Amino acid sequence: MIYGYVIVAEKNSVARAIASFLGGTSVKRLQVEGVPAYEFYWNNSRSLSIGVSGHILNFDFPKEYNKWNSIDPRQLFFIKPILVAREGAYKYIKALRLLAQKTSTVILALDADVEGEAIAFEVMRIMSQANPSLEFKRAWFSAITRTDILEAFKNFRKPNENLANKAFSRMIVDLTIGASFTRILTLSVEKRNGFLPKGKFLSYGPCQTPVLYLVVKRELERESFKKKKYYVLRVKFESPEGVFTGHATFDDAPKANEALRVVKNIGKGIIASSEYVSVNIQPPVPLNTVYLESRGSLFLNLRPKETLAIAETLYANGYISYPRTETTRYPPTLNLKNILSMFSEWENTGWYVKKLLLKGFKPTEGREDDKAHPPIYPTKAASKNEIVKKFGEKAWRVYEYVARHFLATLSEDAIIEKQKIIVNINELQFQAEGRKVVYLGFYQVYPYSVPQDDPLPYLLKGEEVRVLEAKLEERTTQPPQYLSEAELLALMKKYGIGTDATMQEHIHTNIERKYFIVKNKRLIPTPLGRTLAVSLYETVPELVLPEIRGRMESKLVKIANGEVSPEELVQEMLEEFLSYYDKLAQNIDKVAEKLVEGLKKVYQEEKSEASHASTKKKSSMKRRKTTRQRKKI
């Protein structure tokens with residue numbers, strides 16, 4: 001069979017959607033080397049759409065350099081990595097090679113970002129080897145909707161080699177750095193009889209390890225925090241307009257107790273000042289990846305990795321736009337009115353949407369624009385029943401958040417009245433703060449962080465108020481909490497660690513490596529993770545400081561912009577990290593000793609947990625046995 005066009009998408013679901021939009025009712029499902037594909041007529045030609053599964057090729061060292069015990073890790077800095085097939089990707093390679101011989105034109109419909117462009121060049125490499133005369137065209141779209149796909153297939157682009165080289169350069173640098181430092185750490189521990197289960201290793205990653213450092217740094221700040229006692233005198237006042245509570249803070253007990261005595265003796269106060277100021281609360285800016293992941297953690301009870309995975313499923317099935325984006329401003333080409341109109345009957349918000357359409361709207365605007373994708377927005381209005389039935393309850397939470405966030409960005413400000421009263425009793429001052437919601441604005445469709453009413457009475461300067469109750473409370477300053485995932489994502493964004501698409505992966509890798517755990521939505525380092533981060537910081541701080549990775553990412557942008565050659569920049573980065581490697585190698589004995597101690601603590605904890613679980617299981621079995629015996633009696 002000869003095809004006028006072969007279309008290669010990043011996922012099977014996207015390939016199927018493209019076939020449906022282009023081919024209508026003519027779509028026929030088939031298999032190519034075990035890979036699902038879709039045959040249809042488009043543009044007066046028999047065409048075929050097929051999906052791969054992310055990256056097909058990966059960088060690795062030649063086989064002879066993958067023998068850890070016989071190769072000095074330092075040598076890896078001087079070995080050029082080669083492209084090899086990813087595990088499980090060979091069937092896609094066979095399919096692409098076969099199809100290369102059955103067409104003259106290939107349309108690259110991969111995701112519209114740096115990684116998608118890299119995959120496009122992987123596809124071109126594989127198919128060109130089978131048919132050097134192939135013509136390649138790039139379809140660029142940010143949503144799997146009929147309109148977006150048809151538009152993309154009318155306006156093809158040229159594949160962008162600079163974008164792909166940015167991804168490839170990062171892969172080469174990260175492979176070399178990660179492999180060399182992982183090997184020296186692992187081998188140094190093994191030489192000192194540090195117990196590592198078969199197949200386990202002590203991993204280092206140029207993104208992964210700075211993320212670990214941020215988590216450990218917060219723990220160290222908690223430990224170094226010096227608690228102090230302080231005293232809060234809370235006084236309940238009565239006025240003709242209502243009751244309210246003011247407070248004053250003291251550093252030592254004698255002053256606090258004297259203030260309490262004065263308040264009780266005098267029994268009344270004078271309003272020194274009262275302020276009632278209306279403040280506009282602006283709606284959120286359009287949604288990007290990092291914000292979606294952090295809101296997923298805060299509001300939806302979902303881990304960042306899970307939130308993004310669900311969002312990608314919704315995108316691939318045409319419910320939201322491309323979820324990997326750094327942009328927080330809608331492009332002028334996006335028809336916001338049409339998107340808004342789809343929600344005029346949606347989930348109890350129809351009345352609000354109709355009001356926006358009638359009154360008009362002005363979207364909020366952030367500062368970020370990756371020049372590739374719009375912010376994340378819903379591409380169709382779907383019911384809860386539809387989403388839950390197809391993808392589950394968690395998917396509904398993500399979809400609903402995306403939809404409501406979009407509606408909020410087109411909404412009016414909320415208006416909150418901030419209230420403040422100061423009461424004088426002799427020379428003592430007591431402050432009361434309140435809040436009143438004057439107008440809900442965007443909160444009418446965005447229920448995730450609605451401020452609660454806590455109003456004060458309306459009083460004037462000089463009015464007298466009576467003391468109803470006075471109570472002295474002893475308190476202690478508290479250390480900062482362990483980092484939450486939302487806070488960590490914000491720090492990664494600040495320092496430029498990873499991309500919008502990979503940040504959650506670096507968090508997940510640390511958890512998989514047992515460097516930190518998630519407990520009550522907080523990230524807590526394990527003894528091993530702490531030991532690794534601290535020992536590296538004390539020896540070669542550049543290996544963990546987040547600013548170093550941020551600097552690397554900013555340099556990689558220059559490749560995408562065509563400002564530097566990838567070969568030169570890769571060489572520059574590797575030379576920098578080779579100097580760090582040599583510094584670590586000089587101090588590896590000291591680092592290894594600390595890591596061995598960290599490993600011992602980890603395995604002692606695991607042994608204790610396993611023993612506890614076993615005892616609990618035996619106790620449970622004994623209770624069930626006793627219950628069965630009672631039933632027999």
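Reply: Start with the terms. On a 1 Å grid over the protein atoms alone, a cavity is a set of points where a 1.4 Å probe fits but cannot get out; a pocket is an open set with protein on both sides within 12 Å along at least five of seven lines. Lining residues have an atom within 4 Å of a point. A volume is the space filled by probe spheres set on the points, which are joined across faces, edges and corners.

This is a predicted model, where local features need pLDDT of at least 70 and side-chain atom pairs count only at pLDDT 80 or more, while totals for chains, interfaces and linings use all residues. Residues are numbered from 1 along each chain as its sequence is written, and side-chain values use heavy atoms, leaving out hydrogens and water.

Take the open space. The largest pocket has a volume of about 1500 Å³. Its lining takes in 47 residues. Find Asn58, Arg86, Thr502, Glu505 and His506: these lie nearest the centre of the largest pocket. Several elements give two or more residues to this lining: strand 5 (57-60), helix 3 (114-130), helix 5 (161-191), helix 15 (503-512) and helix 17 (546-560). Helices (H or I, at least four residues) and strands (E, at least two) are DSSP runs, numbered from the N terminus. Helix 5 gives the largest share of the lining, with eight residues.

The largest cavity holds about 40 Å³ of space. Look for Tyr204, Pro206 and Pro210 in its lining. Glu542, Leu543, Val544 and Leu545 also line the largest cavity. So do Ile548, Arg549, Met552 and Phe577. Helix 17 gives the most to this lining, with three residues. By class, the largest cavity has nine nonpolar lining residues, no polar ones and two charged ones.

The second largest cavity has a volume of about 30 Å³. Tyr352, Lys355, Leu356, Lys359, Gly360 and Glu412 line it. The classes in the lining of the second largest cavity are two nonpolar, one polar and three charged.

Next, the strands. Strand 12 (residues 414-425) and strand 13 (residues 428-439) run antiparallel and are joined by eleven bridges. Two strands pair if DSSP finds at least two bridges between them. Glu417 stands opposite Lys436 in strand 13. The hairpin of strand 12 and strand 13 has two residues between the strands, and Asn426 takes a positive phi near 55° there.

Six strands form it, in the order 2-3-4-1-7-8, with mixed pairing. Strand 2 (28-32) and strand 8 (135-138) are the edge strands, each pairing on one side only. Strand 3 (residues 35-42) pairs with strand 4 (residues 45-51) in the antiparallel sense, over six bridges. Tyr38 has Ser49 in strand 4 as its bridge partner.

To recap: the largest pocket is about 1500 Å³, the largest cavity about 40 Å³, and the second largest cavity about 30 Å³.

Notes: Ala, Val, Leu, Ile, Met, Phe, Trp, Tyr, Cys and Pro count as nonpolar, Asp, Glu, Lys and Arg as charged, and the others, Gly among them, as polar.
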